[in-house]
Structure formats: structure tokens, C-alpha cells
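Subject: Structure for you to look at

Dear colleague,

I am handing over the structure we spoke about, together with some notes on it. Please read them with the coordinates open beside you.

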Amino acid sequence: MPKTLHEIDVSLGERSYPILIGEGLLDDCPALLAHARGRQVAIVTNETVAPLFEPRLRRALAGAASALVTVALPDGEAHKDWPSLNRIFDALLADRFDRNCLIVALGGGVVGDMAGFAAATYQRGVDFVQVPTTLLAQVDSSVGGKTAINHPLGKNMIGAFHQPRLVLADVTTLRSLPQRELSAGLAEMLKHGAIADPAYLGELERDMAALLGCEPAPMAAAIARSCEIKAEVVAADEREADRRAILNFGHTFGHAIEAGMGYGAWLHGEAVGAGMIMAAELSRRLGMLDAAACGRLREAVASARLPVSAPRWPAERWLELMSVDKKAEQGTPKFVLLDGLGKAVVRKVPEAPLRETFEACAAGDA
Ligand SMILES: NC(=O)c1ccc[n+]([C@@H]2O[C@H](COP(=O)([O-])OP(=O)(O)OC[C@H]3O[C@@H](n4cnc5c(N)ncnc54)[C@H](O)[C@@H]3O)[C@@H](O)[C@H]2O)c1
Ligand SMILES: O=C(O)C(=O)C[C@@H](O)[C@H](O)[C@H](O)COP(=O)(O)O
Ligand SMILES: [Zn+2]
């Protein structure tokens, strides 16, 4: 029997939508069927996820959709690009999908970001639903409507804001997720605690072994808390005029690592893990975060089995990579810093402490 364990609303006026977190929702979800009824539906997924879950989702949708196609993209961050995006458009056009069609993103954040961008732009915008199957996608990327592809010079540089109509997180899909991918999801969860809720950070620290073991009850509760935090921030500032930028904690450094190492060498969550340690270290050097809090965050990241050291690059390389960031102003990066745990602020910083941070956090030194 399918079970909805948590329901969280992303409150955005006419663009509001529910996040349903539960077990077995992939096979039976009235809310999904209501969106699919009588419409042309495209399931966008990838070559790894398709054999795991696509037949179940297809079966669930078959009675409702007027037409059903599946687009299975090549797997990996290195394929979050124009050719993959075009494969989605090719399939939609080949089957004469109209502007009333529905796109269903089935997979991790890479699939979700690309399917979402396709939905934002196909015939100037069609509806889409997120069915996230990684921990990272269930706690972060499926919520909030940021969609994008990468550019060789910068992460997520080409994209659009386009909110899904529904997020359907079936936690049973996480059973097949490799350990490294679970850790990547934990990075974004630790981020939510660090920027907005120290009590939640404490719960993650306490339950880390259970979460790494993907135990159903603590996992579903933590996914729900992360979604609540993200939903609250997005509802307050949908298009990142100011407050939403706090969700970028660890990402100025993290995106530089992803682009600089070549997309896919580090997982997004791994780069965010190391990036959060760098941002905490920078906050400490600016007198905003005490050494104990900085050390606590480092321990939490380590306990999630994430990298705690950054690549050893010359400062000029870091600065060049970070000059391509959506928070940057005319090439000068801004950073999400912690003014104590649970309180995030966004600032430009002097170059000296930044250079010290690169050095202090380089492999082996942090
Ligand atoms: N839009 C946003 O707000 C937002 C937020 C955070 C991250 N992101 C983006 O999300 C991406 C990272 O997402 P991700 O960590 O989910 O990576 P991913 O999409 O690459 O998925 C990770 C791996 O797990 C596989 N997989 C997916 N579900 C599985 C399952 N249930 N069992 C076994 N394998 C499974 C995938 O095929 C892939 O190989 C990055 O591109 C990042 O920039 C976007
Ligand atoms: O939703 C947001 O806002 C975030 O910043 C969430 C991040 O975890 C995510 O990686 C996002 O894609 C980064 O946004 P970007 O604007 O820096 O590309
Ligand atoms: Zn992220």
C-alpha cells in the first residue's frame, strides 16, 4: 500500500505546489495521475535510472496519459549539456507534443535540472513534475524551480526559474543508491542545518549512522525537515533577489571545484561538503564564526564520509573559477558566510583571508 508520510507546501501563490514524501508513491499517486490525465506525458530519465524505475512509473501513468514517451539520457554530470537537452526536444517534437504536455523528471538532480529546463523552454514553457530518486534530489534539487545546464566555464550557467507542479519523493527508491551518492545528499542536508536550523544540524549529527544506513524512519523525517527549510527560503525569495542566496552556502567554492576538476570528477555534494568547510573557515578568519563551530561543521562533514579538503590550486586559479558564479558582480565573487551556526549572510570579502583559506583548506592541511 502506498503511504504518504509527509506533505510540505511550497507557498508561491499561483505557482504553489506540494512535496509528497512517502513509500510506494511511484506506483500509485492520485496527485500525479491528476496532472497526467488526458495529456501527452514525457518521462525524462537516464540510462541508469530507467531500468530501475521507469517501468513502474510508466505502468502507473499508462491509464491516465493520452500518449507516453520516455527519453533516457546518458548518465552523469558531464552530460548536463546542450546535446542532452536537445535529445529531450527532439523526442517531444518527433511525437508532436503540444504546449499542454507534461514532463515528468525521473532521476537525480542532473535529470531534474535538465528536464526542468526543457519544461521551462519547450514551446515557451510547459508543466513538469519532479520524481526525485537520489537523496540529494529529494532534499534539495527537486524543490525550488532552479533548472539549468552547465557551461565549460561555469556550473549551471544556462538556465531558468521554472517551478514544478508537484514533487513526488518515494523514499524506497533510495534503497539502490550507492553509498557515495547518499553522502552527497547528506552534504545538502548539513547545509540546511548550518544555514537555518542548528537543532536540525544536531539531529543529523546524532542520526548520522542511521542516515548512512538509509534507515527509513530517520531518513524520511530528515528529508522532510530539509524540504521544509528549503521551501521556506524559496517562498520568501523565489528568484534569489537576496535571502535565497543562503542556499548557496559552500557552493561558491564547490562549483569552482566541480568546474575546475571537470564535471563529474567530484560529485556535486562532495564539492559542497568541502566548500562548506572552506566557507566556514573563511567565516572564522573574518571573525564571524568561532573555532568550535567551525570544527563542529568539519566533523559533521567528515562523519557523512565527504571530502574535507579542497584541491591544492594557486589562488589565481581559484579566483578565476569563482569569478564565473551567479552571485559574482562584474567578476568579483560573493560568499555565503556563517555569522554563527544557523545564521547565514552573503558578502564580498577582502582577498587576504580568502587566499589564506585556499591554503589552509588544501588537501592535507585543513
Ligand atoms: N536545482 C537545484 O536547486 C539543485 C540543487 C542541488 C543540486 N542540483 C544539481 O543536481 C545535480 C546533482 O544531483 P544528484 O546528486 O542527484 O546526482 P545525479 O543526478 O548525477 O545522480 C547521481 C547518480 O545516481 C544515479 N541514480 C539516481 N537514482 C538512483 C537510484 N535510486 N538508485 C541507484 N542509482 C540512482 C544516477 O543515475 C547517477 O549516476 C547537480 O547537477 C547539481 O548541480 C540542483
Ligand atoms: O536552490 C537554490 O537556490 C540553491 O542554491 C540550491 C543549491 O543546492 C543548488 O546546487 C543550486 O543549483 C545552485 O544554484 P546556482 O544558482 O548557484 O546554480
Ligand atoms: Zn547544491
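This is a predicted model: local features need pLDDT of at least 70, side-chain atom pairs count only at pLDDT 80 or more; totals for chains, interfaces and linings use all residues.

Seven strands form an open sheet with mixed pairing, and their order across it is β1-β2-β9-β6-β5-β3-β4. Because β1 (3–10) and β4 (67–73) each have a single partner strand, they stand at the edges, and one side of each is left without a neighbour in the sheet. On average, and ignoring direction, neighbouring strands of this sheet are turned by 20° against each other.

Lying across β3 and β4 is helix α3 (residues 82–94), which runs at about 160° to β4. Helix α4 (residues 109–121) also packs on the sheet, where it touches β3, β4, β5 (102–107) and β6 (127–132), and its direction makes about 170° with that of β5.

An annotated span. An unreviewed UniProt entry carries the annotation "domain: 3-dehydroquinate synthase N-terminal", which covers residues 71–183. In the model, the C-alpha atoms at the ends of residues 71–183 are 28 Å apart, and this span is 34% helix and 30% strand.

A helix pair. The axes of helix α10 (residues 251–261) and helix α13 (residues 315–322) come within 9 Å and cross at roughly 100°, so α10 is roughly perpendicular to α13. The contact brings T252, A256, A259 and G260 of α10 together with R317, W318, L321 and M322 of α13. Sorted by class, the residues of this contact between α10 and α13 are five nonpolar, two polar and one charged.

The ligand. Which residues come nearest to ligand 1? Of the 29 residues around ligand 1, they are T48, G108, G109, T134 and S141. By class, the shell around ligand 1 consists of 14 polar, eight nonpolar and seven charged residues. Several helices contribute to this shell, with at least two residues supplied by each of α2 (49–62), α4, α5 (135–141), α6 (179–196) and α11 (268–285).

Conventions: Residues are numbered from 1 along each chain as its sequence is written. Chains are lettered from A and ligands numbered from 1 in the order in which they are written. Two strands pair if DSSP finds at least two bridges between them. Helices (H or I, at least four residues) and strands (E, at least two) are DSSP runs, numbered from the N terminus. Axes are lines fitted to C-alpha atoms, for helices over the stretch in contact, and angles run from 0 to 180 degrees between N-to-C directions. Two residues are in contact if their C-beta atoms, placed from the backbone, lie within 7 Å. UniProt positions are given in the numbering used here, feature names are shortened, and annotations may be inferred rather than shown by experiment. Angles under 35 degrees count as roughly parallel, over 145 as roughly antiparallel, 65 to 115 as roughly perpendicular and the rest as oblique. Ala, Val, Leu, Ile, Met, Phe, Trp, Tyr, Cys and Pro count as nonpolar, Asp, Glu, Lys and Arg as charged, and the others, Gly among them, as polar. A residue is near a molecule or strand if its C-beta atom, placed from the backbone, lies within 6 Å of it.
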